[in-house]
Structure formats: structure tokens, C-alpha cells
Amino acid sequence: MTAVFYIAGAVALISTLLVITRRNTIHALLLLVISLLAVAVVFYSLGAPFVAALEVIVYAGAIIVLFLFTVMLLNVGRQAEGDEPGRLRAAHWLAPGLLAGVLLALLAIAIASGPSAQVGARAVGPAEVGAALYGPYAIGVELASTLLLAALIGARHLGQRQREADLGTVTAAATTPAPAGPAGEPPAELVTAGAPASAAGDDPSVTGSPGDDEPAPAGRPVRFWRKDDV
Amino acid sequence: MAHVPFEYGLFLAAALFLVGLVGVLVRRNLIFVLASIEIMLNAAGLAFVVAGSRWGHADGQVMFIFVLSMAAAEVAVGLALALLFRRAFGSLDVDAASRMRG
């Protein structure tokens, strides 16, 4: 098991270095999965099988999949590779790499100057972790659940604002009566009816105002889904 | 179980954390910045687990679970913000948002 620690640690370090140097987002995320799996093996070799399983399930299974879904949603294949022109040249890596190297050296000295000890002498199984989690750390579990609820509501709110902004621009066209005017040129009153909705949807300062979630004022067109949204 | 010195585990955590730090400093793609933050949080969790394993207590693993839930909350909000960022600026380059409005 001692060799397992060193091999998995080396794999984690190398794959993490590869993650931050890739151009392609999907490649980087798949390398990040390898890095997280290697860290899970390190956990297992240190006698922590419960967090090793959690690392695989939550990090590699949920978080990275969320990343991949977002990348697919953003549809940033070729364009993102062009987003960083020349950013991957050596000159850009020199200063941060040098400073990080100095910090790593300082940390290594600080770690080495402490008292030495062996690690992983005793395995700590899920039963002990669960007893601690629901014993002295019960308040932390409650706080973590509150944090997750807040993140859920926050993510939903951010996504909802984007959707409303989409709908605001659609309502002008959607409320146009078909026989009202000549084709290709909407009547004047519909343009004025749709303009405030689209302006309110595009301007973040307006959408962030407290009145955003209130019911639409009279005269504002009724919102409904665009066909290709569903 | 592995019998490795305590220092090596902490050194691995420090190295992973600094790789994530360099990623945050160098990369300009928002997805890479968020992934680098994940690397740094994971390294902090690794340090907790190593320290808990050194004393043979469960507390390090409990702290790792808290770090894990915090990372999950952070990435959910961060990726929602990335979607908004892409919509507002048309790209994922964080330099596009280097100026304030007004």
C-alpha cells in the first residue's frame, strides 16, 4: 500500500498539471477526472475508504459531470480554444510559476521542519465518520445543508433571470396579431409595447431591481414559452 | 495500510494546491478558472484527510465532507454565473469583464 500512495500521488500531480495546460475544455475535464480518481486512491491508501468513495461519487461523478453539461450547454468547442490567443506561451507561465515554486519551497521547508510521523497507521471506517458526523459535528451538517439549499436557490434564480430575458424579447413578436399590418413590418404600437420588456430583460440593473419578481404591470404582454425552448 | 511519512502527504496537498493556484492566475477561460478552484479545494480536503489519518481520528474526514459540500455549492452557482457571463459578453474570457459599467 505504500507504493500505491506514491504512484497515485504522482498520477494526481501529473494529470493536474496537464489539466491547467490543455487548450480543449473537454480534454481538461477528463484529465481532471483522472486526477480526482488518483486522489481517491490516495485517500484509500491512507486508510480513509469512506471519503475515497465520496470523492469518486461526488467529485468525479457529480461535479465534473455538471462541468461537462455546462460546456455542452455553452457550446464552446472551437471558439474557446481561440479565446486565449497566445496565453499558453511560456512567458505567461513564467511569473506565476516562479512565485508558486517559491511558495511551494517555503511550504516544503515548513512541513519538513515539523515533527515527523507516520500516516495511515489505522484505518478509519465509515462507522466512525458517521458517528462523528452526527455527534459533535451535527451543527456543521445542518449548516452544510443550509448552504446547499442556498446554492440550489441561487443557481435556479440565476438561470431563471436568463430565461426571462429571453422571453422579454420574444413577447413583442409573439403578441403580434397576424392580420394587423403588412408582413415584415410590425405595427407601431406593438413595437412600443415590446420595447420596455426587451429593455428590462437585457439590462442587468433593471432585472436586478426589487420589483423584478412582481407580477407584470398592466399593458405588459403576457409571457409564454417560445416554441424552440421546449 | 500505507506507511508513508506525514510530510509527504502534506507536500502532495501543497503541490496540488499550488498547481490550482497557477491555473487560476494564468488561465483566462472561465471554465478553467472554476476547474482550478476545484483543484485547490480538493487539495485542501486532501490536507484535512492526511492530518486526520496521522492522528487516527475521523475529524479530518468529517472536514473533508464539509469541503466537498462547499465545493458542490460553489460549482453550482459558479457554472450558473458562467452561463450568464457567456450571455452578457459573448465569450468565456474573463478579461471581457475587466471594466466596470458606469
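Two residues are in contact if their C-beta atoms, placed from the backbone, lie within 7 Å. The legends below describe a predicted model.

**Figure 1. Chain A is built from nine helices and one strand.** Along the sequence, the elements of chain A follow the order α-α-α-α-α-β-α-α-α-α. Among contacts in chain A between residues at least 6 apart in sequence, 61% join residues at least 24 apart. Of the 230 residues of chain A, 24% count as buried.

**Figure 2. The confidence of the prediction is shown for chain A, whose mean pLDDT is 76.** In chain A, 64% of the residues reach a pLDDT of 70 or more. Over residues 176-214 of chain A, pLDDT stays under 50. For this stretch of chain A, the model has 35 contacts beyond four places in sequence.

**Figure 3. Chain A meets chain B through 76 residues of chain A and 64 residues of chain B.** Several elements of chain A give two or more residues to the side that touches chain B, among them helix H1 (2-19), helix H2 (25-45), helix H5 (90-112) and helix H7 (138-174). The largest share of this side of chain A, 13 residues, is supplied by H3(A). Sorted by class, the side of chain A that touches chain B has 55 nonpolar, 16 polar and five charged residues.

**Figure 4. Strand S1 of chain A pairs with strand S1 of chain B across the two chains.** The strand of chain A covers residues 118-119, and that of chain B covers residues 4-5. Two bridges join these strands, which run antiparallel.

**Figure 5. Helix H2 of chain B runs over residues 30-55.** At 1.5 Å a residue, the 26 residues of H2(B) should span 38 Å, and the end C-alpha atoms are 38 Å apart, which agrees. Because 20 of its 26 residues are buried, H2(B) is largely enclosed by the rest of the structure. Just after H2(B), Gly56(B) adopts a positive phi of about 70 degrees.

**Figure 6. Asp95(B) lies in the segment after helix H3 (59-89) of chain B.** Asp95(B) has 12 C-beta neighbours inside 10 Å and therefore counts as exposed, the cut-off for this class being 12 or fewer. Between Asp95(B) and Asn29(B) there are 8.9 Å in space, C-alpha to C-alpha, although the two are 66 residues apart in sequence.

How values were computed. Residues numbered from 1 in each chain as written. Chains lettered and ligands numbered in written order. Predicted model: local features only at pLDDT ≥ 70, side-chain atom pairs only at ≥ 80, totals over all residues. Helix = DSSP H or I, 4+ residues; strand = E, 2+ residues; numbered from the N terminus. Expected span 1.5 Å × (residues − 1). pLDDT = per-residue confidence, 0-100. Nonpolar A, V, L, I, M, F, W, Y, C, P; charged D, E, K, R; others polar. Pairing = 2+ DSSP bridges.
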